Amino acid sequence: MTLDFYYSPLSAPCRSILLLCKTLGIELNLKEIDILGGEHLKPEFLKINYQHTIPTLVDNGFTMWESRSILAYLVEKYGKDDSLYPTDPQKRALVNQKLYFDMGVLYQRFADYYYKPIQTKTPLDPAAYKKIEEGLGFLNTGLEGQKFAAEDSLTIADFSLITTISTYDGLKFNLTPYPNVAQWYERCKKTMPGYDLNVKGVEQFLEKIGPMLPKFP
């Protein structure tokens, strides 16, 4: 089994894959890509991924990207059972719902608030900040009475969500108004094998990207 993994520890989606592979016992051939240095735009990487995005996985010649698709693929191919990504249609639908929520709401709103001012050289948008608060409120409601995001045990939805939330936390976003999120966050940290990988990645993100980012109010 040869799995080449093109990634950056600065990237929350990349870290979700690293955490899942620790849980599944998958050894990755790590190939770190320097996004800030433009390595993702080099011709040799474009031959692998024409969208020049990370994470990118190459499994014995089969290439794919988009982190949430990679999470599902790894469990379906290498998981010992379906606990992390249930085959029951309704249970799987709940996992997918949380994955898409992370992609389209939590992580997207993080990017809208933080990255857009850097890219466009425009001031912080208070409305975008309110959208972050709204998104966390949605997650807090969704976690009411639940141990994990979609089940009473870990699923790939938790791996995706926690790397987003841990980046918020690293940037000192106050999670106190969202007690269900805070409790879930602590539970995941204690449950996921190799969680230190994510901690180190957030630290690197803060070191390299942090100085360029605006601060939360």
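Which residue caps the N-terminal end of α1? The legends below refer to a predicted model.

**View 1. The N-terminal end of helix α1 is capped by S11.** A side-chain oxygen of S11 lies 3.2 Å from the backbone nitrogen of C14. The helix covers residues 12-24. Its 13 residues reach 19 Å from the first C-alpha to the last, close to the 18 Å expected at 1.5 Å a residue. Just after α1, G25 has a positive phi of about 75 degrees.

**View 2. Helix α1 is largely enclosed by the rest of the structure, because 11 of its 13 residues are buried.** The buried residues are A12, P13, C14, R15, S16, I17, L18, L19, L20, C21 and L24.

**View 3. Strand β1 is mostly covered.** The strand runs from residue 3 to residue 7, and five of its five residues are buried. The side chains L3, F5 and Y7 point one way from β1, while D4 and Y6 point the other way.

**View 4. Strand β1 pairs with β3 and with β2.** Four bridges join β1 to β3 (residues 56-59), and these two strands run antiparallel. In this pairing F5 stands opposite L57. With β2 (residues 29-32), β1 pairs in the parallel sense, also over four bridges. Here Y6 has K31 as its bridge partner. Between β1 and β2 the chain passes through α1, and this β-α-β crossover is right-handed.

**View 5. The largest nonpolar core has 65 residues.** Those with the most contacts inside this core are L20, L57, L74, I156, I165 and W184. Two or more core residues come from each of β1, α1, β3, α3 (67-78), α4 (89-120), α5 (126-142), α6 (156-170) and α7 (179-191). Helix α4 gives the largest share, eight residues.

**View 6. L74 is one of the core residues with the most contacts inside the core.** Leaving aside residues up to four places away in sequence, L74 touches L3, I17, L20, C21, L24, I26, L57 and G79. Among these, I17, L20, C21 and L24 are buried residues of α1, L3 is a buried residue of β1, and L57 is the residue of β3 that stands opposite F5.

Definitions and conventions
Residues are numbered from 1 along each chain as its sequence is written. This is a predicted model: local features need pLDDT of at least 70, side-chain atom pairs count only at pLDDT 80 or more; totals for chains, interfaces and linings use all residues. Side-chain values use heavy atoms; hydrogens and water are left out. Buried means under 20% relative accessible area, exposed over 50%, partly exposed in between (1.4 Å probe, protein chains only). Two strands pair if DSSP finds at least two bridges between them. A crossover is right-handed if, with the strands pointing away from the viewer, the path from the first strand over the helix to the second runs clockwise. A nonpolar core is a set of buried Ala, Val, Leu, Ile, Met, Phe, Trp, Tyr and Cys residues joined through side-chain atoms within 4.5 Å. Contact means heavy atoms within 4.5 Å. The expected span of a helix is 1.5 Å times one less than its number of residues. A polar contact is a pair of N or O atoms within 3.5 Å; within protein, one must be able to donate a hydrogen and the other to accept it, and residues adjacent in sequence count only if both atoms are side-chain atoms.
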